[in-house]
Amino acid sequence: MDGVAVLLLGPVAAQVDGRPVDVGPPRRRAVLAALAVHDGPLSVERLVALLWGDAPPPTAATMVHGAVAGLRRTLGAGSVVTRDGGYALPGVGTDVGRVEGLLAGAAVPDVDAWAEALGEWRGPELDGLDHAFARAAADRFAALRLDCTQRWAQAALAAGHHREVPARLAPVVAAHPLCEQLVALLMAALHRGGRRSEALAVGRRLRVALADELGVGPGPEVRRAEEAILRRAPAGSGLPARTDPFVGRRRERGEVAALVDAHRLVTLTGPGGTGKTRLALEVAARSPYEAVFVDLVASTTTGADVEDAVAGALGVRPEPGAAQGDAIVAALSGRDVLLVVDNCEHVVDACAAAFGALLATTPVRVLATGREALALPGEHVYPVAPLACARPGAPAEEIRRCEAVVLFLARAAAARPGFRADGRVDDRADGPVDDRADDPADGPLDDLAAVLDVCRRLDGLPLAIELAAARVATMTVADLATRLDERFRLLDGTVRGMAARHRTLAATVAWSTDLLSPAERALFGRLGVFPAGFDLAAAEAVGAGPDLPAGEVAAALARLVAGNVVQLGGDGRYRMLATTRAFARARTGTTADETAARHVTALAAGLAPRLQGPGSGPLLRRLDAETPNLRAALTWAFGPDGDSGVGVALAGALWHHWDLRGARAEGLRWTAAALAVVDDPAGRLPLLSAAALLHVGRAEFDATDAAAREQLTLARRLGDRASEGDALGMVATTAWARGAFDRARQLYEDAIAASLDGGDRWRAAMEEAQLARLHRDRGEPDAAHAAARRAAGHAGHVGEDLARGLALDVQASLEARWGDPRSAADLTARAREHYRAVGYREGEASALQQAGRLAAASGDDAAARRAFGQALRLYRRIGHRAGVAAAHEGLADTVRDPVAGAGHRAAAAGLRAEIGISR
């Protein structure tokens, strides 16, 4: 760099035209540093205060003048100028400025840019200076160094340079042992470099340090890193649990894993049944990334549906006023996530648009499966071939080693205990196996050859092989081979209209289901209507018909489970493999769609009124499990062959679930569809109520007001006082948001009176809580406490957790402002428990923030850090950027490490600037 440059990232030094110069004694270096780290001219008095504090020597001003004169001699006459009554360094660059300029000049800084930035550091920042201003500046520069180190490590891992990371990262982690992000990155680098025990030791040291310092365990980044190293899919990791062992494909596992490390988009392609999903899940479970499974079920048909699926898999819900896509981007930012996206083939264009955008704006990796590529730039396509089969007539050992036969034998042994690895069955399950059976003359080679014949004629397709192997429970392998040949010739005619590449799999699945009785086949076809799991009641509702009485459905379903056509999960719900379900779907007519839609609508409608009463948590979780089925029902109901009345009823039943789960964009789409077909005033009332609530949750106050005012007009026309109270509460909220505080207070009071008159104490509790908040924010403690007590009374009467949590939350905020902090802390903890009972994560995170503030105010920084840390993790999980910023600010004020504190403040400031809000 030409001209004068001041170096602060190490001992204070200077360069002139790129050559180092001797700055001189410590006092001169201190003056140079003070001028370099402060903007604008510094007066002599200010420099004296910066160098000596409150007790300067009598000759301090003279010494400052002398230091400036020395700097001018060393750096040049124009280096230090007198301006506006002080000294300044106009046009003088710094190494800190070079770092910031280097990073600002790159659209997306890569590993080389971050490495070049780190190269500016020559040692500890402002080394040798112990003045207060120097220590503060050094803290800021150290936080910048820490951030650059973390970003470099992330970029290096993404670029496959994991072997370079430990040497640079290990000493930084030693200096900042509680920085979990750096620890997780070091563990990932060591793990990828084959240093498994060292990676686990790093994690163990962090656990001990956290327990000693904060009394907590590590966060999700470190836990995920540990679980990846241990090579098991953790509970709640975002991957579905595996119920049977993965067989073979060692080469493919290694190749796909290497591709995922080297490329951010990898697509596994191939015909149905090749095991794309299982291979993707196996790679993800063994990867060092945070793996999340996104299942694009049959009811996923549009880009919005794809976005809903991604948001649901990530547990993301937009903050008020934010778009769902922005919330997804926020939730993925700064995380090493691998999205495993399954079944892309029926929404290729929508997937290409959605994941192309995410790859461009976040560090996410995508491992997709489908029958064709997404055709995006940078995509690496990996065709998944069928399992290898030995040649006919091969020796027994070669047959046993081929992957197709290995899979068949493993699944057959699971289906029929005693089935031997040579293809025979030992019926003496408790006795020894006769070693003489290995003699080819005694038959096992013939049986093994029959297994190979079955696998070859099924083209080595894993799904077909698994379905065939399940039949070993009811027939010999020889009979299986004979029947397979007959069924293929028969079924070739039934699937002639399908694409040629699908015929073998379709024939295999059809052959397997043809082994069922007519009643069982009918049930199998009807169950294909469910895109997600289903329970016995759903199976009975959909499966019963003239050919299968309702009382016989349970027995028929048990036979489907025994035949491995349907699986029973640990949660008591039944599931079908995606390809099996697709084949069953081809046999299902609109009657099954309608029956399933009416069944889940009746279920939701039956649960809806109970969601505002005691014990609503398990009911909400029941709706969580049914969400894909509910979406399918809505899609059918509002489709060309559906019944919009079913959709209207379902939309009217799901508003509370949509709101609590943050699925407001999805809820508004279906509510709008329902309102478009309903003219009856009484029918519009609940839909308008839902629309207003969902809009207000997104801070869309104009839309809230419009829906609420139409609801208010209709409610008054019909004399529906409960609905009138609900509408008045929403109008009050929009008035409050617009600054009409007196109007809002009057509207809330009218709303409460109408709700109570209409017998809706649950809404009265919610409205009283809002009124209490309004009084609190206006500085009216007596009125606020009175409204909060009334809210608590109504909530206690109805016994519903959200209302009780909100009432306690409001009371806690009042105690924190005007009362007893210990009482506020207790109320906050109780509010959080109620929020958790109904899965209201936004409320839980808010309560944790309040708990952190209370703990900090009482001087318990350790408890405050725990609360803010938990809030940060929750806000990150749901993509609530304003909440993430607030949690960072809380941590910045309570962490002991000043460098970490500066990092938290920088993160909060960056987020607030990004979303355009002030503190």
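What share of the contacts in the protein chain with a separation of 6 or more comes from residues 24 or more positions apart? The share is 65%, where contact means heavy atoms within 4.5 Å.

This is a predicted model, in which local features need pLDDT of at least 70, side-chain atom pairs count only at pLDDT 80 or more, and totals for chains, interfaces and linings use all residues. Residues are numbered from 1 along each chain as its sequence is written, and side-chain values use heavy atoms, with hydrogens and water left out.

**Figure 1. The protein chain as a whole.** The chain has 41 helices and 13 strands, taken as DSSP runs (helices H or I, at least four residues; strands E, at least two) numbered from the N terminus. Of its 919 residues, 53% count as buried, meaning under 20% relative accessible area, with exposed over 50% and partly exposed in between (1.4 Å probe, protein chains only).

**Figure 2. The largest nonpolar core.** A nonpolar core is a set of buried Ala, Val, Leu, Ile, Met, Phe, Trp, Tyr and Cys residues joined through side-chain atoms within 4.5 Å. The largest has 84 residues, and Leu654, Trp658 and Leu802 have the most contacts inside it. A second, separate core of 78 residues includes Ala134, Ala137, Cys179 and Leu186.

**Figure 3. Surroundings of Ala541.** Ala541 is in helix α23, which covers residues 536-543. Ala541 counts as partly exposed because its relative accessibility is 33%. Beyond residues up to four places away in sequence, Ala541 touches Thr595 and His599. Val553 is 12 residues from Ala541 in sequence, with a C-alpha to C-alpha distance of 9.1 Å.
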